[in-house]
Amino acid sequence: MKRDTLLVGAVAFGPAAVTIWDGFKAWFNKNGLPFDYILYSNYDRQNAELLEGHIDAAWNDPLSWVQVSRKAAATGKNLRPLVMRDIDFDLTSAIVARADSDIKSIADLKDRVVAVGSPDSVESTLMPLSTLREAGLMPGKDFKVHVCEGSIGYRGGKQEGELRAAKALVAGEADAAGLATGNYEKFLRDGTIPAGATRLLTRTSKYDHCNLTVAVTADSARAELVEHMRELFLKMPYDDPELRPCMDLEAVKEWKPARVTHYKTIERALDLAQPPRGG
């Protein structure tokens, strides 16, 4: 599809999404990049549009990146991550238990209840359950999974499910919980989880988070626009008074070149959760 403007898709988590992308659009336009955006209600629709060529790039969480890059490869298309936020590298999730329990290690979770967030959350569901699978504990067989369902299609992005998992642990409705390490620390600071009430059992392997995914194009003019966008992201100034509120809402102080290496952890976790069907 021929367009004069680079079109980026993002999922609308709430009103802040408009503020973020309006601010970015104004700054890109001011710096000579013809740029616009579309907000979607979920990642699946957004990435279907990316694969169809209706948008040039998509702001993806890690699970969505893995899924859409696999779909692209299966159909002979080529996607690549362009940029990531400074907070998107080397993340972990935590599996925590109640401190007043006799649970000292993840092996002690056999026949217990583990609370997780939204079913499609990488941080509080996919990665913690993958760690337990790798330790030989099968969800639903060796322990009960208490799903604290949040907003499906947002990949856990709204975090209600993760908050409910933390509260279920505190209330004694679960013996352990899977939480993003950063959110676990936040819940300790804000009192959602009382000090001394929990015990850290283990952390997951490191993984990376969001990236701006672009479709590789043979159109040299569009490729130049994409490269211009990349350069502008990488020099986006946090000290710009007009940009700073938008960057704070996006939780970024500096944009970095993207990498793919630490998505392999998520790919393995996804494959463990969805083993291939055989005859």
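This is a predicted model: local features need pLDDT of at least 70, side-chain atom pairs count only at pLDDT 80 or more; totals for chains, interfaces and linings use all residues.

To get from β1 to β2, the chain goes through helix α1 (residues 15-30), and the β-α-β crossover it makes is right-handed. Leu-6 has a bridge partner in β2 as well, namely Phe-35.

Asp-36 turns up again in a salt bridge with Lys-25, where the closest N and O atoms are 3.3 Å apart. In the whole structure, a search turns up 17 salt bridges.

**The six-stranded sheet**

β1 and β2 are part of an open sheet of six strands with mixed pairing, in the order β2-β1-β3-β10-β4-β11. Which strands stand at the edges? They are β2 and β11 (255-257), and each has a single partner strand, so one side of each has no neighbour in the sheet. Ignoring direction, neighbouring strands here are turned by 30 degrees against each other on average.

Two helices that pack on this sheet are worth a look. Helix α2 (residues 43-52) touches β1, β2, β3 (57-60), β4 (79-85) and β10 (211-215), and its direction makes about 155 degrees with that of β3. Helix α3 (residues 62-74) touches β3, β4 and β10, and its direction makes about 165 degrees with that of β4.

**The five-stranded sheet**

There's also an open sheet of five strands, again with mixed pairing, and its order is β7-β6-β8-β5-β9. At its edges stand β7 (144-147) and β9 (198-203); each pairs with a single strand, so one side of each is left without a neighbour in the sheet. From one strand to the next, the twist averages 30 degrees.

Inside this sheet, β6 (residues 113-116) and β8 (residues 176-180) run parallel and are joined by two bridges. Val-114 stands opposite Ala-176 in β8. β6 also pairs with β7, in the parallel sense and over four bridges, and there the bridge partner of Ala-115 is His-146 of β7. Together, β6, α4 and β7 make a right-handed β-α-β unit.

Helices cover this sheet too. α4 packs on the sheet and touches β5 (93-98), β6, β7, β8 and β9, with its direction at about 80 degrees to that of β5. Helix α6 (residues 181-190) packs on the sheet as well, touching β5, β8 and β9, and its direction makes about 105 degrees with that of β8.

**Helices against helix α9**

Now for the helix pairs. Two packed helices are described by the angle between their axes and by the distance between those axes.

| Helix pair | Angle | Distance between axes |
|---|---|---|
| α4 (residues 122-134) and α9 (residues 264-273) | about 70 degrees | 9 Å |
| α3 and α9 | about 80 degrees | 10 Å |

How do α4 and α9 lie, roughly parallel or roughly perpendicular? With an angle of about 70 degrees, α4 is roughly perpendicular to α9. On the α4 side, Val-122, Leu-126, Met-127, Ser-130, Arg-133 and Glu-134 make the contact, and α9 brings in Thr-265, Ile-266, Arg-268, Ala-269, Leu-270, Leu-272 and Ala-273. Sorted by type, the residues of this contact are eight nonpolar, two polar and three charged.

α3 and α9 are also roughly perpendicular to each other. Their contact is made by Pro-62, Leu-63, Val-66, Gln-67 and Arg-70 of α3, along with Ile-266, Glu-267, Leu-270 and Asp-271 of α9. This time the residues divide into five nonpolar, one polar and three charged. Ile-266 and Leu-270 of α9 are among the residues in the contact with α4 and also among those in the contact with α3.

Terms used
Residues are numbered from 1 along each chain as its sequence is written. Side-chain values use heavy atoms; hydrogens and water are left out. Axes are lines fitted to C-alpha atoms, for helices over the stretch in contact, and angles run from 0 to 180 degrees between N-to-C directions. Angles under 35 degrees count as roughly parallel, over 145 as roughly antiparallel, 65 to 115 as roughly perpendicular and the rest as oblique. Contact means heavy atoms within 4.5 Å. Ala, Val, Leu, Ile, Met, Phe, Trp, Tyr, Cys and Pro count as nonpolar, Asp, Glu, Lys and Arg as charged, and the others, Gly among them, as polar. A crossover is right-handed if, with the strands pointing away from the viewer, the path from the first strand over the helix to the second runs clockwise. Two strands pair if DSSP finds at least two bridges between them. A salt bridge is a side-chain nitrogen of Lys or Arg within 4 Å of a carboxyl oxygen of Asp or Glu.
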